[in-house]
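The report below goes through one structure step by step, beginning with a single residue and widening to the whole chain.

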Amino acid sequence: MEVIINILTIISIMALIFVVAYLIYTGHSKKIEKLKRGICPECGAINTEAEQIISTKALNSAGCSGVRDIEYHCKGCDYKTIEKSTSRGCGI
Ligand SMILES: [Zn+2]
C-alpha cells in the first residue's frame with residue numbers, strides 16, 4: 001500500500017512540474033509572439049510606421065543558416081530580451 005502511495009506522490013509531483021514548465025513555456029512563447037508582431041509584452045507599446053518602439057537586432061549575423069540571437073529592445077519601458085531564432089535562409 002505504501003509503495004502505491006509513493007508512486008502516486010511521485011506521479012503527482014511530476015505532473016505538477018510538467019504543468020508549471022508548460023505554463024512558463026507558453027507564457028514565454030506568447031511574449032515572443034507579441035514581440036514578433038511589434039508589441040511590447042511588458043508595457044504594450046506598439047510599433048508604428050512613424051516610430052519603431054521595439055527594435056530588433058541580430059547579434060550574430062554570420063552566415064545564412066543555423067541559429068542566431070535576436071535582441072528585442074523596447075524603448076518605452078527598456079524591456080530587453082534575447083531570443084534564439086532559427087533562420088530560414090537569409091531573411092533577417
Ligand atoms: Zn515596453
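I32 sits in helix 1, which covers residues 2-36; helices (H or I, at least four residues) and strands (E, at least two) are DSSP runs, numbered from the N terminus. The model is a predicted one, in which local features need pLDDT of at least 70 and side-chain atom pairs count only at pLDDT 80 or more, while totals for chains, interfaces and linings use all residues. Residues are numbered from 1 along each chain as its sequence is written.

I32 counts as partly exposed because it has 16 C-beta neighbours inside 10 Å; a residue is buried if 20 or more other C-beta atoms lie within 10 Å of its own, exposed if 12 or fewer, and partly exposed in between, with C-beta atoms placed from the backbone. Although I32 and T81 are 49 residues apart along the chain, their C-alpha atoms are separated by 9.3 Å.

Helix 1 itself can be summarised as follows.

| Property of helix 1 | Value |
|---|---|
| Length | 35 residues |
| Reach from first C-alpha to last | 51 Å |
| Expected reach at 1.5 Å a residue | 51 Å |

The expected span is 1.5 Å times one less than the number of residues in a helix. Of the 35 residues of helix 1, one is buried, so the helix lies largely in the open. After helix 1 comes G38, which has a positive phi near 85°.

The chain as a whole has one helix and three strands, and along the sequence these follow the pattern α-β-β-β. Of the 92 residues in the chain, 8% are buried.
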